[in-house]
Amino acid sequence: MSLTLQLLVARGTARGLINGSTSPDYGEVITLRKYLLQEGEHGLAFGLLTLAKTMQPTTQELSDFGPAA
């Protein structure tokens with residue numbers, strides 16, 4: 001199976017967000033989670049969901065990206 005550069009970057013970014021080495025942005029977490037789910041990366045997507053549920057998004061962020069679900 002060949003990984004695209006986009007998927008490699010997404011996986012690295014997700015790991016950084018999950019382990020706390022990168023500051024999370026709610027929109028980035030939700031968007032990245034959706035992409036990883038589409039690519040079959042369910043473990044990383046679950047980690048991002050857990051992270052998103054601990055965040056306190058603004059009303060605007062919820063309007064733009066939806067709730068963590």
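Q: As what does Ile18 count at 38% relative accessibility?
A: Ile18 lies in helix H1 (a helix being a DSSP run of H or I with at least four residues, numbered from the N terminus). Burial is judged by relative accessible area, where under 20% is buried, over 50% is exposed and the range in between is partly exposed (1.4 Å probe, protein chains only). At 38%, Ile18 is therefore partly exposed.

Q: What kind of model is this?
A: Residues are numbered from 1 along each chain as its sequence is written, and side-chain values use heavy atoms, without hydrogens or water. Local features need pLDDT of at least 70 and side-chain atom pairs count only at pLDDT 80 or more, while totals for chains, interfaces and linings use all residues, since the model is predicted.

Q: Which residues is Ile18 in contact with, leaving aside its neighbours within four places in sequence?
A: Ile18 and Leu7 are 11 residues apart along the chain, and their C-alpha atoms are separated by 16 Å. Contact here stands for heavy atoms within 4.5 Å. Leaving aside neighbours within four places in sequence, the residues that Ile18 contacts are Leu44, Gly47 and Leu48.

Q: How far apart are the end C-alpha atoms of H1?
A: The expected span of a helix is 1.5 Å times one less than its number of residues. H1 has 15 residues, so it should span 21 Å, and the model agrees with this, because its end C-alpha atoms are separated by 21 Å.

Q: Which residues of H1 are buried?
A: The cover over the buried residues of this helix includes H2 and H3. The buried residues of H1 are Leu7, Ala10, Arg11, Ala14, Gly16 and Leu17.

Q: Which residues of H2 are buried?
A: H2 has 13 residues and reaches 19 Å from its first C-alpha to its last, close to the 18 Å expected at 1.5 Å a residue. The cover over its buried residues includes H1, H3 and helix H4 (59-65). The buried residues of H2 are Tyr26, Gly27, Val29, Ile30, Leu32, Arg33, Tyr35 and Leu36.

Q: Which residues does Leu37 touch, not counting those up to four places away in sequence?
A: Leu37 has its place in helix H2, and at 31% relative accessibility it counts as partly exposed. Not counting residues up to four places away in sequence, Leu37 touches His42 and Ala45.

Q: Which side chains meet in a salt bridge?
A: A salt bridge is a side-chain nitrogen of Lys or Arg within 4 Å of a carboxyl oxygen of Asp or Glu, and the structure holds 1 of them. Its N to O distance is 3.8 Å, and the side chains that meet are those of Arg11 and Glu41.

Q: How far apart in sequence are the parts that Arg11 and Glu41 tie together?
A: Both Arg11 and Glu41 are buried, and the relative accessible area of Arg11 is 19%. Besides Glu41, residues touched by Arg11 include Leu3, Leu36 and Leu44. Arg11 lies in helix H1 whereas Glu41 lies in the loop between H2 and H3, so the pair ties together parts whose separation in sequence is 30 residues.

Q: How far apart in space are Phe65 and Gly27, C-alpha to C-alpha?
A: Phe65 is found in helix H4 and is partly exposed, with a relative accessible area of 31%. Leaving aside neighbours within four places in sequence, Phe65 contacts Tyr26, Gly27, Ile30, Thr31 and Lys34. Although Phe65 and Gly27 are 38 residues apart in sequence, their C-alpha to C-alpha distance is 6.1 Å.

Methods
Helices (H or I, at least four residues) and strands (E, at least two) are DSSP runs, numbered from the N terminus.
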